[in-house]
Number of protein chains: 2
Amino acid sequence: MKSVTCTAPVNIAVIKYWGKADEKLIIPLNDSLSVTLNSDELRAKTTITLSEDFTRDQIWLNGKEESIDNPRLQSCLAEIRKRAEAEHKSLPKGCVQIVSENNFPTAAGLASSAAGYACLVFALSKLYAVSGDISAVARQGSGSACRSVLGGFVRWVAGTEPSGADSRAVQVAPAAHWPDLRCLILVVSHDRKKVASTSGMQRTVQTSDLMRARLEHSVPARLAAITDAILRRDFAAFAELTMRDSNQLHAVCQDTYPPVRYMNDVSHALVDTVHEYNARRGGVRACYTFDAGPNACVYLPEAEVAPFLAVVAAVCPPPVLADWVTGRPVQLPPLPEGEVWEQLFPGGVQSVIHTTVGDGPRLLEAAE
Amino acid sequence: MKSVTCTAPVNIAVIKYWGKADEKLIIPLNDSLSVTLNSDELRAKTTITLSEDFTRDQIWLNGKEESIDNPRLQSCLAEIRKRAEAEHKSLPKGCVQIVSENNFPTAAGLASSAAGYACLVFALSKLYAVSGDISAVARQGSGSACRSVLGGFVRWVAGTEPSGADSRAVQVAPAAHWPDLRCLILVVSHDRKKVASTSGMQRTVQTSDLMRARLEHSVPARLAAITDAILRRDFAAFAELTMRDSNQLHAVCQDTYPPVRYMNDVSHALVDTVHEYNARRGGVRACYTFDAGPNACVYLPEAEVAPFLAVVAAVCPPPVLADWVTGRPVQLPPLPEGEVWEQLFPGGVQSVIHTTVGDGPRLLEAAE
């Protein structure tokens with residue numbers, strides 16, 4: 001009997017992944033680039049126990065047993081076991097019990113599968129003592145999981161091999177490279193069903209006339225420019241590229257037939273608020289990015305966190321603007337004297353998660 | 001002393017105009033195609049009086065005197081007078097008083113300037129007895145006014161001459177060509193300021209990476225296909241092209257930096273409702289298009305009007321779903337038995353304008 005417990009972080013892309021070249025192997029149409037968030041705040045945690053007493057593999061997600069026959073789960077299990085056997089010329093006997101949980105609610109609209117699959121594959125690699133890159137394995141669980149196996153600023157290279165062997169993550173810079181950078185996740189109320197990102201991106205690839213221009217022109221230029229901006233810690237350049245790419249992702253969704261929509265009126269009000277905040281401050285001090293849901297992820301320097309949140313509270317005045325991690329009301333400074341912001345969506349922002357750039361998965365415990 | 005009174009219709013584009021090649025002459029980057037609506041329901045009405053007693057030109061819009069020095073207004077006045085002088089070797093002495101009104105509220109979000117400038121230029125052409133095409137003159141007042149000088153299905157050809165002389169409207173088919181076609185304008189509540197279309201399209205041309213793909217690929221193919229669909233009265237083809245082009249207009253607005261947004265959550269709910277309506281009916285029975293505002297314009301065959309409105313009333317149940325022209329509550333049939341639609345935005349649709357395809361401007365009265 002052997003057991004490992006690991007955590008893995010959430011990541012939020014600044015140059016977005018949207019569209020697969022291979023649906024089964026999850027090879028993307030374009031490289032993407034993300035920021036790994038600190039797993040002190042947001043994380044998946046997975047314990048895997050291997051025992052000869054177990055007669056079949058089993059998995060529990062957030063306390064509920066799920067089918068182990070999920071094809072993506074099976075791909076990850078099979079791939080790690082194959083590598084273990086190749087590396088050690090034998091495979092430990094027995095089956096696994098996997099217990100995984102996220103410390104953030106699904107309602108937060110965060111890509112829980114990214115942290116979840118990164119954690120699963122990282123834990124399996126520790127359990128079976130597999131060395132080498134595991135991002136290409138995590139990728140087969142959930143595309144964006146590929147980027148959660150590394151910390152800091154991470155590029156998922158689409159690769160060129162039909163097998164997907166070179167479709168993997170590389171670190172552009174470690175978390176410690178940009179200590180001043182903060183991330184606020186503004187959790188927006190929503191009760192509309194959303195189109196799952198897998199089917200949404202399929203529909204975009206099949207029907208959007210504009211998608212090719214994104215893939216051929218916008219993304220390659222932005223990847224080069226944002227990598228450079230990150231290495232130079234040039235916040236204004238990083239921020240503008242981040243906003244433009246988020247806008248474009250939602251533009252190709254809108255150009256999809258029938259259109260796919262993730263942002264709502266509150267999301268768009270937050271977009272306008274960020275642009276207005278920057279205009280009033282006379283420079284780019286904050287930027288937004290939106291994934292397949294209405295929540296805003298705002299990157300900004302540490303000094304801007306409190307004044308920016310005060311503006312959010314004025315525009316979307318909350319009954320309680322709660323810090324999601326502590327559950328406590330966020331203490332906000334007053335707006336600068338004489339500064340007025342139009343109240344747009346009372347209750348539109350339900351809570352705030354405040355975090356930093358973070359490291360990759362961690363092994364918490366291993367026991368024989 | 002001489003006086004003319006004319007009306008001109010509203011038009012709603014199905015292949016959209018967005019972006020100018022020449023800001024001053026209002027030459028568009030692409031051809032567009034629209035449907036002229038019946039002026040029994042929606043119209044601008046203009047009376048122009050020419051008198052030697054008037055010492056200066058003056059204009060009243062909807063009962064309020066406006067500056068005659070508006071450069072676009074001056075362009076139209078100067079151009080018609082120049083043509084009159086060339087055609088008749090002299091110009092009647094005196095100045096004009098222009099009294100113009102729309103019979104629809106600005107809040108309806110309809111392009112009042114299109115009907116208004118078409119009416120002004122048409123009335124001036126009657127007053128000064130100018131012959132020949134006047135669409136290129138109306139175009140200099142407001143781009144889309146170019147298409148309101150003709151009835152039925154109208155294409156605004158961008159043209160190639162730097163002077164704009166060949167940037168004018170041509171009729172694809174007259175109103176009587178498709179008697180079964182109906183138009184519903186669903187007036188959506190909105191109180192947010194919108195970005196004026198002139199500055200919105202400038203910003204798109206300057207900043208959207210995706211705009212070129214629209215201009216080079218999407219628009220030319222769609223213009224050919226929708227012209228063919230109109231000539232064959234193929235509603236399904238017409239409808240799908242109309243929806244795709246509306247979606248793409250709002251996609252390039254979303255790809256603009258900072259993004260430009262005209263549709264709101266109610267607009268998007270109406271989009272989803274049309275797609276769901278078509279899915280449940282097993283074919284394309286209705287289509288939507290949105291201009292620079294949140295109101296939906298829905299084209300559909302006459303037989304679909306009542307059942308479609310019943311669905312709108314279920315999704316956006318109105319306190320009163322009023323016919324805008326008569327002011328009376330719209331009488332709706334019950335939904336088919338067993339058919340359930342989720343209520344999404346109570347009060348989201350404030351009123352409905354129900355109209356048909358219509359003819360071009362009319363001379364109502366001329367007096368010496």
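Student: What order do the 6 strands of the open sheet in chain A take?
Tutor: This is a predicted model. In it, the order is β8-β7-β9-β6-β1-β17 (chain A). The pairing is mixed.

Student: Which are the edge strands?
Tutor: β8 (64-66) and β17 (362-367) of chain A. Each pairs on one side only.

Student: And what does the twist average from one strand to the next?
Tutor: The average is 20°.

Student: Take β1(A) and β17(A). How many bridges join them?
Tutor: There are 5 bridges between β1 (residues 2-9) and β17(A). The two strands run antiparallel.

Student: What stands opposite Cys6(A)?
Tutor: Leu363(A), in β17(A).

Student: Which strands does helix α2 of chain A lie across?
Tutor: Helix α2 (residues 112-127) lies across β1, β6 (43-51), β9 (95-102) and β17 of chain A. The helix runs at about 145° to β1(A).

Student: Where is the place of Lys89(A)?
Tutor: In the loop between α1 (71-88) and β9 of chain A.

Student: Is the peptide bond from Tyr257(A) to Pro258(A) cis or trans?
Tutor: Cis, with omega near -15°. Pro258(A) sits in the loop between α6 (235-254) and α7 (265-281) of chain A.

Student: What kind of peptide bond joins Tyr257(B) and Pro258(B)?
Tutor: A cis one, with omega about -15°. Pro258(B) is in the loop between α6 and α7 of chain B.

Student: Let's stay in chain B. How are two packed helices described?
Tutor: By the angle between their axes and the distance between the axes.

Student: OK, so at what angle do the axes of α7 and α8 of chain B cross?
Tutor: Roughly 135°. The axes of α7 (residues 265-281) and α8 (residues 305-315) come within 11 Å. That angle makes α7(B) oblique to α8(B).

Student: Is the crossing of α7(B) and α8(B) left-handed or right-handed?
Tutor: Right-handed.

Student: Which residues meet there, α7(B) against α8(B)?
Tutor: α7(B) brings Ala269(B), Thr273(B) and Tyr277(B). α8(B) brings Phe308(B), Val311(B), Val312(B) and Val315(B). The residues of this contact divide into 6 nonpolar, 1 polar and no charged.

Student: How many residues does the contact take from chain B and from chain A?
Tutor: 24 residues from chain B and 24 residues from chain A. In chain B, α5 (211-231), α6 (235-254) and α7 each supply at least two residues of the side that touches chain A.

Student: Which gives the most to that side of chain B?
Tutor: α6(B), with 7 residues.

Student: How do the residues of that side of chain B divide?
Tutor: 8 nonpolar, 9 polar and 7 charged.

Student: Last one. Why do the copies meet through the same surface?
Tutor: 100% of the interface residues of chain B are also interface residues in chain A, so the surface is the same.

Note on methods:
Residues numbered from 1 in each chain as written. Chains lettered and ligands numbered in written order. Predicted model: local features only at pLDDT ≥ 70, side-chain atom pairs only at ≥ 80, totals over all residues. Contact = placed C-beta atoms within 7 Å. Axes fitted to C-alpha atoms, helices over the stretch in contact; angles between N-to-C directions. Helix = DSSP H or I, 4+ residues; strand = E, 2+ residues; numbered from the N terminus. Parallel < 35°, antiparallel > 145°, perpendicular 65-115°, else oblique. Left-handed = near helix turned anticlockwise from the far one by under 90°. Nonpolar A, V, L, I, M, F, W, Y, C, P; charged D, E, K, R; others polar. Pairing = 2+ DSSP bridges.
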